[in-house]
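Good morning, colleagues, and thank you for coming. Please look at the sequence and the structure on the screen, and I shall then take you through several of its parts.

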Amino acid sequence: MKKRFHALMAFLLALSAGTYTLDATADLNVDVLRCEYVAEPLGIDIVKPRLSWQITSEKRGEKQTAYQIQVASSAAKLATGKANLWDSGKVLSDDSLNVVYGGVDLASRGECFWQVRVWGANETASSWSTASHWTMGLLDKQDWQASWISYKDDTPVFTDTTSLFLPAARQYRKEFSAHGKTIQRAVVHSTALGIYELNLNGQRVNEGAFIPGWSDYNQSVYYNTYDVTDLMQGGGNALSAWVADGWYSGYIGFGLLTGMGTEKIGRYTYGKTPSVMVQLEIDYEDGSRQVIHTDKSWKVTGDGPIREADLLMGEFYDARMETPGWTEPGFNDASWESAILAVENGSTMATFYEGQNPDKAGNAPKITGREVDLAFKQPRLESFPGVPVVVSEELKCIEVVPREAGKYIFNLGQNFAGTIRLNIKGEAGHRVTMRYGEMLHPDGTLMTENLRKARAQDTYICKGDPAGEVFVPRFTFHGFQYVEIVNFPGEPTKDTVTGLVLHSDTKLTSTFTCSDPMVNRLFQNIVWTQRSNFLDLPTDCPQRDERMGWTGDAQVYVGTAIYNADVAAFYTKWLRELMAAQRPSGAFTDFAPFPFQHGWNFGTAWGDAGVICPWTIWQAYDDVRIIETCWEPMTRFMKWRKDTSRDNLGIAHGNDWGDWLAQGGKTPLEFVDTIYFAISSKKMGEMAAAIGRDGEAAAYGEQFENIKTAFNAKYVEADGSVNVSTQTAQVLALFADLIPEDTRKATGKKLADMIAENGNRMSTGFLGTRPLLPVLSSVGQHDLAVLLLQSHDFPSWGYEVDQGATTIWERWDSYTKEDGFGRHNAAMNSFSHYSFGAVCEWMF
Ligand code: BGC
């Protein structure tokens, strides 16, 4: 569709050439048109979408002084200047980011073709940009004719915490005849409770992995819209889908490890049985529409080749059970079952366990159970606002190491998140298993202790194809550098395994080189760790049984993320999950989505991500709408924060992670809470001003000043030092702007002295390290900041690089050449944790 549209535009533009070329400056170009941060999004549900573009010019000092946007309901209309949806006229403005559509109301399924031109410094206009387009999704519930369908699930609720329950992925299909007329446009809207792959006539429709992503399915689920005009056939057609558990009913987080969630088994978090909903709309040129949608006439089987499919546990593929031709018309599905409506699986009661905030008496948080129904519940449908998870790179194996007979370890040369492509030739029934690890033990065996309850194992059974077979798992991913294959038939080569790097399609935007090779490697490690953990949501790590949207990590790193990649749409999606996770009290949670409560439902500096992340996205992308959409939850959070404070100071409450993984003494939680109460108040004031809420801006500003006064009275000495004797305390006070302007240098000197006394080593953790170098540079200690960056002494970035790191580790010494993995608890030792990579913001 896209290709045809562009060809048509080129032709029509050629016809109309001359309209604007007379006054156009040839060296001023408008390009990179975006709607809601995405190039040509389909099926959006934002009725006032925002449009952005970039200008380029050969001329130094060129700038945009005005713009004009035209939007039409067809490519032909736009090309002939009939902007029937919106013509902004010439607007005197240098805005090129998030200009709000101001035309006629947009309806379900509407097509919008648009172009923009700008005026430069010398008042001459550019040519019109190449046209772009977006389409509207299904804006009303009534637009959906499709039903959620499922398979008859008779399995009892699994309750064994010592073994795994891993059901087969299901295959769904439906054949239909297209009317024998010319098709104008065919569009499919689809979603699943679970994760799915959709095909039309043997071709994949929804490129990307793990669609529709993780949301709180008890509230809402995302749908996507795809243009399938080119995949339609005259006569017989077939729609089909693979559907697996995903986050909906598969293993997630540390539920199994900690005994949280449904029956403490770590799965069925949102429901028991995955389901799928598809609506294909074929618009014919004569104006008629044919709709094919999921209902009881679809067929389903669980007897196909994907015997197990789980994000944490891995995939089991038995190629002997393949059903060739099932995605195409003409396949005989007589032996398949009929699909049922998802509601027909009825109710299944279970006990859901999670943490509770301590009672007023101050008893420790405890885990309690409550009754839940695992039945299908109709979630709200929202158009997917993010970017899909894609394979961005294929890594070559750099070494194959034979172990015992048939056992080999493949080294992919880089720690990353994703899957593999396995090339194999074996007899029918030959079975190989693959295990994944980030590191090797000194004796060359695979190190998997840090995966905890994530089994991270794939199995493949050959069908015996003499030409060889290829296996690429669909519904799992691992965090790894090494793959161990057991029972490999024959002699493998480096081409036997390649690594498929998976992450959300956040295009990289940064480069960094300097004269220090260690720092250059550090930069690469940071970018790799960002890629590995930007997988549908910003996760803490991609390998062990967590992979959760930890909010503390996210707020520490977001400032770096925005430099390294185009993360606007990615955070737009995740911020919905963060806002949706807000507790009735107003507290923002420790992770989002929030499948279960672990300990308290809040952690100081973790929950504050609910203010810090929107603020950062606004700053980076001039996105005032993110402030507006988060405003109500953010103010509820701030009210709760104020209500829990005492005399304008924070208190010790919530999960006590504080300056998590600090090397030195502990910075008291109530101190950290005061800092983040101040940071969030200040940012709220700035955001209020940005959206014209002047009264609230003043109130938050005053709240910040009150905190500052109380903080100085309690914590700041006459010489400017902070009387909590940790590096973190000094740096956080400076970072939060709580030190009076004329004392900042003195406080900075105190911080520098403490670092010197510590042998020029940091002792800061997650919270203290992130601002350490920026703060040092801002208080006249830039040389010390540079020294810390380039240090090779423990703890430092250089130390980690010297130990062979290709990513950022959870701990500086997660592995050392001297002590191996011995310095830490193997279970809490991830080799892909981005928090300490937050120094990158300062590097830029
Ligand atoms: C995660 C962290 C997270 C923390 C809370 C860990 O298990 O991996 O990165 O922020 O828990 O302290």
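In which helix is A678 found? A678 is found in helix α10, where helices (H or I, at least four residues) and strands (E, at least two) are DSSP runs, numbered from the N terminus. Before I continue, two remarks on the source: this is a predicted model, in which local features need pLDDT of at least 70 and side-chain atom pairs count only at pLDDT 80 or more, while totals for chains, interfaces and linings use all residues. Residues are numbered from 1 along each chain as its sequence is written, and side-chain values use heavy atoms, with hydrogens and water left out.

Let us stay with A678. Its relative accessibility is 0%, so A678 counts as buried; buried means under 20% relative accessible area, exposed over 50%, and partly exposed in between, for a 1.4 Å probe and protein chains only. Leaving aside residues up to four places away in sequence, A678 touches F704, I707 and L738, contact meaning heavy atoms within 4.5 Å.

Next, the partner of α10. Two packed helices are described by the angle between their axes and the distance between the axes. Here the axes of helix α9, residues 624–644, and of α10 come within 10 Å and cross at roughly 140 degrees. Among the residues that make this contact are W631 and F637 of α9 and Y676 and F677 of α10. The axes are lines fitted to C-alpha atoms, for helices over the stretch in contact, and angles run from 0 to 180 degrees between N-to-C directions.

I turn to helix α12, residues 727–735. Why may α12 be called largely enclosed by the rest of the structure? Because eight of its nine residues are buried. The cover over those buried residues includes α10 (669–690), α11 (694–715), α13 (744–757) and α14 (766–778). Just after α12, D737 takes a positive phi of about 65 degrees.

Helix α6 is also mostly covered, with 13 of its 14 residues buried. At Y557, α6 bends by about 50 degrees; the bend at a residue is the angle between axes fitted to the seven residues ending there and the seven starting there.

Now to two buried polar residues. Q414 has its place in strand β29, residues 408–424, and at 7% relative accessibility Q414 counts as buried. What does the side chain of Q414 make with the side chain of W528? The answer is a polar contact, at 3.4 Å, that is, a pair of N or O atoms within 3.5 Å; within protein, one must be able to donate a hydrogen and the other to accept it, and residues adjacent in sequence count only if both atoms are side-chain atoms.

S215 sits in the loop between β13 (203–204) and β14 (220–227) and is buried, with a relative accessible area of 0%. A polar atom of the S215 side chain lies 2.8 Å from the backbone oxygen of S220. P212 is in the loop between β13 and β14, and a cis peptide bond with omega of about 10 degrees joins I211 and P212.

I close with backbone geometry. Most residues other than glycine have a negative phi, and most peptide bonds are trans. The bond from F794 to P795 is cis, with omega near -5 degrees. E36, which is not a glycine, has a positive phi of about 50 degrees, and N98 has a positive phi near 55 degrees.
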